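Q: Could you walk me through this model, starting with its packing?

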Amino acid sequence: MRDGKYKYKLAIRDASSQFESRFDDDLLVSYLDKDYNRFWKLWKNNVHNKCTNVNTSQIGGKCDDQSIANACADYYNNPVNDNCVDDTSYIFDVSSENLDWLFGTDNVDRVIHSLKHGKAAGLDGIPVEHLTYSHPSLICHLRKLFNLIMQHGYVPKNVGNGVVVPILKDRLGDVSSLDNYRAITISNIISKVFESCLLDKFGDFLTSHDLQFGFKKDLGCQNAIFTVQQVTSYFTKHGSTVYFSALDASKAFDRVTHSKLFDKTIERNVPHCFIRVFHNWYSKLVSVVKWNGVFSYPFSVYCGVRQGGVLSPLLFNIYVDDLIHQLEASNYGCCVFGQFFGCIMYADDLFLLSASVTGIQQMLHICHFLLSSVILFLITKKFCMF
């Protein structure tokens, strides 16, 4: 018996050692292969999540789960600006263009089988696996549903439902403060499939400037950092000074005004059936907060892009895309061989580069004027010179 217990403890120790070694090896391989997305995914899954698992029994002055959930709902329910409420109607004659944008069975089938497993279910409780392993006839029913939505411009009410899960920002901060929690919204799986089908059809209309590195396939923060490093190196090697200004749009994703967003899609000549569907969809956004398995009261969402939505990142890029074009047309900022690199953007983070103080000041004025017109407020993070 003692010999068996000893061997068992040795096996546990060896298994733990092999697990740690495999994590180190995988981390090293992903770094050497420059697969930074996999590198940070491994890091977060094995290190970050363990460090951020903090429990608290009191948040916002509330102790029981139901009161905490309702307190979070009160906190997230307050619109950041009264101008976010959208009263604009969009009426188009889409009878002639509907047939050009209808979905086929292959579109829906490809989207369903491309979804990743193991994701949390939305308010309907249906995970991805239910669709992946369902009878093939379900694909035909979903195709008919999606085509009816496109033809009539009407989205079912439940498609706009979302579950808000508060995630702790800083484990070393005040864990009882609502300001220390970031709201992550989980959408229903049917809405994700529908949005993915829309992306497959209308993705060419939702492109943004090349200097926007956020929310794009095969691009990430490392690409933006590399671009800044190369531009800085080019100017310093040629004896020029480079001035930097790092900016952040405060609560950018929550401040998006729906009417201005739809106006920008119209300017891009996006098919009217797409705009009509999204206008109806965004008028039905309802969320509830989930805390320890308890749900808060439902509240309407009047502004901001849908968190957890497949198309939301692309819509946000469209919302702020004019800023990069205006900065490029201003003739301020750094240029390399006639190519403008005076503005590097990653999601809502903005990095300005100029060879003169006057240039950086003028670019800041342009940013302040354009972003204030779409109800986004800038926070200057850092200003430096090389």
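Q: Which residues touch the most other members of the largest nonpolar core?
A: Val193 and Leu198 do, in a core of 70 residues, where a nonpolar core is a set of buried Ala, Val, Leu, Ile, Met, Phe, Trp, Tyr and Cys residues joined through side-chain atoms within 4.5 Å. Helix H11 (residues 312–329) gives the most to this core, namely nine residues. This is a predicted model, in which local features need pLDDT of at least 70, side-chain atom pairs count only at pLDDT 80 or more, and totals for chains, interfaces and linings use all residues. Residues are numbered from 1 along each chain as its sequence is written, and side-chain values use heavy atoms, with hydrogens and water left out.

Q: What does valine 193 contact, leaving aside its neighbours within four places in sequence?
A: With those neighbours set aside, valine 193 is in contact (heavy atoms within 4.5 Å) with Val108, Val111, Ile112, Leu115, Leu131 and Phe146. There is also a second, separate core of 15 residues, and Ala69, Cys72, Val289 and Phe299 are among them.

Q: And which residues of H7 are buried?
A: They are Ile189, Ser191, Val193, Phe194, Glu195, Ser196, Cys197, Leu198 and Phe202; buried means under 20% relative accessible area, exposed over 50%, and partly exposed in between, with a 1.4 Å probe and protein chains only. These buried residues pack against helix H4 (105–112), H5, helix H6 (137–152), strand E2 (181–187), helix H10 (272–282) and H11. Helices (H or I, at least four residues) and strands (E, at least two) are DSSP runs, numbered from the N terminus.

Q: Switching to H12, where do its buried residues sit around the axis?
A: The buried residues of H12 are Gly359, Ile360, Met363, Ile366, Cys367 and Leu371. They cover an arc of only 120° around the axis, so they lie on the same side of H12; the arc is that of the directions from the helix axis to the C-beta atoms. On the other side of H12, His365, His368 and Phe369 are exposed.

Q: What caps the N-terminal end of H12?
A: Serine 356 does, through a side-chain oxygen that lies 3.1 Å from the backbone nitrogen of glycine 359.

Q: How about threonine 132, is it buried or exposed?
A: Threonine 132 is buried, with a relative accessible area of 16%, and it lies in helix H5 (residues 128–132). Its side chain makes a polar contact with the side chain of histidine 117 at 3.2 Å. A polar contact is a pair of N or O atoms within 3.5 Å; within protein, one must be able to donate a hydrogen and the other to accept it, and residues adjacent in sequence count only if both atoms are side-chain atoms.

Q: Now the rings: how many aromatic pairs are there?
A: A search of the whole structure finds 19 aromatic pairs. Rings of Phe, Tyr and Trp (its six-membered ring) pair if their centres lie within 6.5 Å; planes under 30 degrees apart count as stacked, over 60 as edge-to-face and the rest as tilted. Tryptophan 101 and phenylalanine 205 have ring centres 5.8 Å apart and planes at 70°, so this pair is edge-to-face.

Q: Where in the chain are those two?
A: Tryptophan 101 is in the loop between helix H3 (65–77) and H4, and phenylalanine 205 is in the loop between H7 and helix H8 (221–237), 104 residues apart. At 25% relative accessibility, phenylalanine 205 counts as partly exposed.
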